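Dear colleague,

Please find below the structure that I am handing over to you. My findings follow directly after it.

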Amino acid sequence: MDYFRCIKPCVESEIGKLEYVILHAPGKEIENMTPENAHKFLFSDILNYHEAANNYRDFEGTLQKVTNVLHFSDLLKDVLKKDDVRNELVTNICERENLNYLIPLLNSFDTDELARVLIEGYDNPNLKERFVFPPIPNLFFMRDASFTMYNNVMVSKMATDVRDRETLILNAIYKHSSIIDTEVVQPVQQYTGKTTGSVEGGDVEIARHDIILSGFGARTSQEGIDALTEHLRSLGGKRHLIMQQLPLQPDSFIHLDMVFTFLDKDRCMVYKPVIMNDAFKTIHIEVCGHEYTNVTEEKNLIEALGKLGMNLEPIFCGGGDEYAGPREQWHSGANFFAFAPGKVLGYARNYNTIEALDKNGFEVLKAADVASGKVSVDDYKRCVVAFEGNELSRGGGGARCMTMPLLRQPVQW
C-alpha cells in the first residue's frame with residue numbers, strides 16, 4: 001500500500017469535499033449466492049458478477065477522479081500481515097460463526113488467499129453444503145458496517161448475524177491499519193452494555209457538525225439510538241440527534257439514506273411518502289453534555305432541520321410523481337452520495353429523479369465521461385454524475401450505500 005500520509009479520519013457533514021473513501025468492488029462473493037441462500041444473505045434477488053462489475057467500473061472511476069480511493073481488500077491484506085492480528089481475527093470470526101474447526105485451515109493460507117477466502121468464502125464440493133465457510137456478498141455496501149462520525153470511526157452493531165463478519169474485519173482494520181489513525185467506537189457495546197440492539201451506518205447521516213440524523217426502523221433499534229445519544233453526550237457541548245421513524249416494510253426502506261440524502265448546503269433528496277408523512281414520527285433529541293437531554297416531536301425532518309438553521313429545499317425522488325416515486329425509490333432513487341457540496345453520484349436508471357435534479361440546477365453528467373476524463377466536475381457548480389446501475393440496484397442499495405468516507409473537508413456554512 002503506497003499512500004502519502006497517515007490518514008486521521010474526520011467527517012462533520014454529508015457534503016464536505018471528499019478526501020478519502022473506502023470502496024469494495026463487488027466480486028465473486030456475489031456469485032456465490034444461489035436462489036436457495038439469497039434470502040439468508042438479505043438479498044431479494046441474485047446478482048450477476050460481470051454485469052455488476054461493469055456497472056461499478058464508472059462509479060469507482062468517477063471517485064478516483066475526484067478523491068483518494070482506498071480498497072477494502074488492500075486494507076485487509078495490510079493487517080493480515082501481522083501475525084497476532086491475523087490469528088485474533090481468524091479466531092474471532094470462527095468463534096462468532098461456530099466454525100472453530102476451521103481455524104487451522106484458515107491460518108494455513110497465505111495473506112492473499114486468506115483475504116480472498118474471508119470475503120468470497122471457502123468452497124468444498126465434497127460436502128452437501130457447498131460453502132463450509134460462507135461468503136459475505138453484502139460487503140460492497142461499505143456504508144452499513146461502519147461510518148465516520150467526527151474523529152472516530154464507528155463500527156456498527158448489525159441487525160442480522162449474517163453481516164457480523166464485516167464488522168469484525170473492519171474493527172481489525174481500523175485498529176491495526178498502518179495508514180489509518182483513529183479511535184474505534186462500537187457504540188451499542190460501549191454505551192448500552194447490551195448484546196441486543198443495533199445501529200447501522202446507512203441510518204446515520206451527519207447533517208452539520210452539531211446535528212446527527214438517524215433512522216429508526218428495521219436496522220437501527222432504540223438501543224442503537226440510545227447509544228448514539230450517549231456518544232454525543234460524551235463529546236460535550238450542545239448537539240442534536242434527530243431520529244426519523246421508517247417503515248418496517250418493504251425492504252427498500254431499511255435505512256434512512258434510502259429515503260433522504262443531502263445534496264448541497266441547501267438541497268436534499270427526499271422520498272415524500274415517508275419524509276413528509278405524519279404517520280412516521282420525527283423526534284428531536286437535544287443533548288447538552290452531561291447536563292440535560294430534551295426530547296421533542298417535530299412535524300417532519302425538513303422542518304426540524306430548518307429550526308436549527310438548516311433551510312433545505314427538497315427535491316423529490318421520482319419527481320414527486322405518485323407512480324414514478326415508489327418505482328424509483330425501490331431502486332435507490334433517493335440514495336445519492338455527495339463528493340463535494342452540490343456534486344453527487346446516483347443511478348442513471350432513475351430518470352425521473354435525474355430529471356428533477358436537472359430542473360433544479362444540477363447539470364447531468366455521464367459517469368463514463370467523468371471516469372475517462374472527457375468531462376471534469378470542476379467545470380460545474382452543481383452536477384449529478386449518473387452511472388449505470390441496472391444490476392447493482394438489484395442488490396438493494398445505491399451510491400451512498402457503496403461508500404465509506406474517512407475524511408472530508410469542513411463546509412463553510
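Strands, as named in this message, are DSSP runs of at least two residues, numbered from the N terminus. On that basis, Y150 falls in the loop that links β5 (146-149) to β6 (152-155). Please note that the model is predicted.

**Backbone features**

Y150 has a phi near 60°, which is a positive value in a residue other than glycine. With a relative accessibility of 6%, Y150 counts as buried. N98 also has a positive phi, near 55°, and is likewise a residue other than glycine. N98 is found in the loop between α3 and α4 (103-107). Is N98 buried or exposed? Its relative accessibility is 66%, so N98 counts as exposed.

A cis peptide bond joins Q249 to P250, and its omega is near -5°. P250 belongs to the loop between β10 (238-245) and β11 (260-264).

**Aromatic residues**

How many aromatic pairs does a search of the whole structure find? The search gives seven. One of them is formed by F59 and F387, whose ring centres are 4.9 Å apart. The planes of these two rings stand at 40°; planes under 30 degrees apart would count as stacked and those over 60 as edge-to-face, so this pair is tilted. F59 is part of helix α1 (residues 49-66), while F387 is part of strand β19 (residues 383-387), so the pair ties together parts that are 328 residues apart in sequence. F59 counts as buried, at 0% relative accessibility, and F387 counts as buried at 1%. Both residues belong to one aromatic cluster, made up of Y56, F59, Y347 and F387.

A further pair is that of F140 and F141, with ring centres 4.1 Å apart. Their planes are at 35°, so this pair is tilted as well. The relative accessibility of F140 is 0%, so F140 counts as buried. F141 is buried too, with a relative accessible area of 4%.

Charged side chains also lie over aromatic rings. R165 is placed over the face of F133, at 3.9 Å from the ring centre. K272 is placed over the face of F316, and here the distance to the ring centre is 5.0 Å.

**Cysteines**

How many disulfides does the structure hold? There are zero. For C317, the closest cysteine sulfur is that of C268, at 12 Å, which is too far for a bond; a disulfide would need the two sulfur atoms within 2.5 Å. C317 counts as buried, at 3% relative accessibility. C94 counts as buried as well, at 0% relative accessibility.

**A helix pair**

Two packed helices are described by the angle between their axes and the distance between the axes. For helix α2 (residues 72-80) and helix α3 (residues 83-96), the axes come within 7 Å and cross at roughly 110°. That angle lies in the range of 65 to 115 degrees, so α2 is roughly perpendicular to α3. Which residues meet between α2 and α3? On the α2 side they are L76, V79 and L80, and on the α3 side V85, R86 and L89.

With kind regards

Technical notes
Residues are numbered from 1 along each chain as its sequence is written. This is a predicted model: local features need pLDDT of at least 70, side-chain atom pairs count only at pLDDT 80 or more; totals for chains, interfaces and linings use all residues. Side-chain values use heavy atoms; hydrogens and water are left out. Rings of Phe, Tyr and Trp (its six-membered ring) pair if their centres lie within 6.5 Å; planes under 30 degrees apart count as stacked, over 60 as edge-to-face and the rest as tilted. Helices (H or I, at least four residues) and strands (E, at least two) are DSSP runs, numbered from the N terminus. Buried means under 20% relative accessible area, exposed over 50%, partly exposed in between (1.4 Å probe, protein chains only). A charge sits over a ring if NZ of Lys or CZ of Arg is within 6 Å of the ring centre and within 35 degrees of the ring normal. Axes are lines fitted to C-alpha atoms, for helices over the stretch in contact, and angles run from 0 to 180 degrees between N-to-C directions. Angles under 35 degrees count as roughly parallel, over 145 as roughly antiparallel, 65 to 115 as roughly perpendicular and the rest as oblique. Contact means heavy atoms within 4.5 Å.
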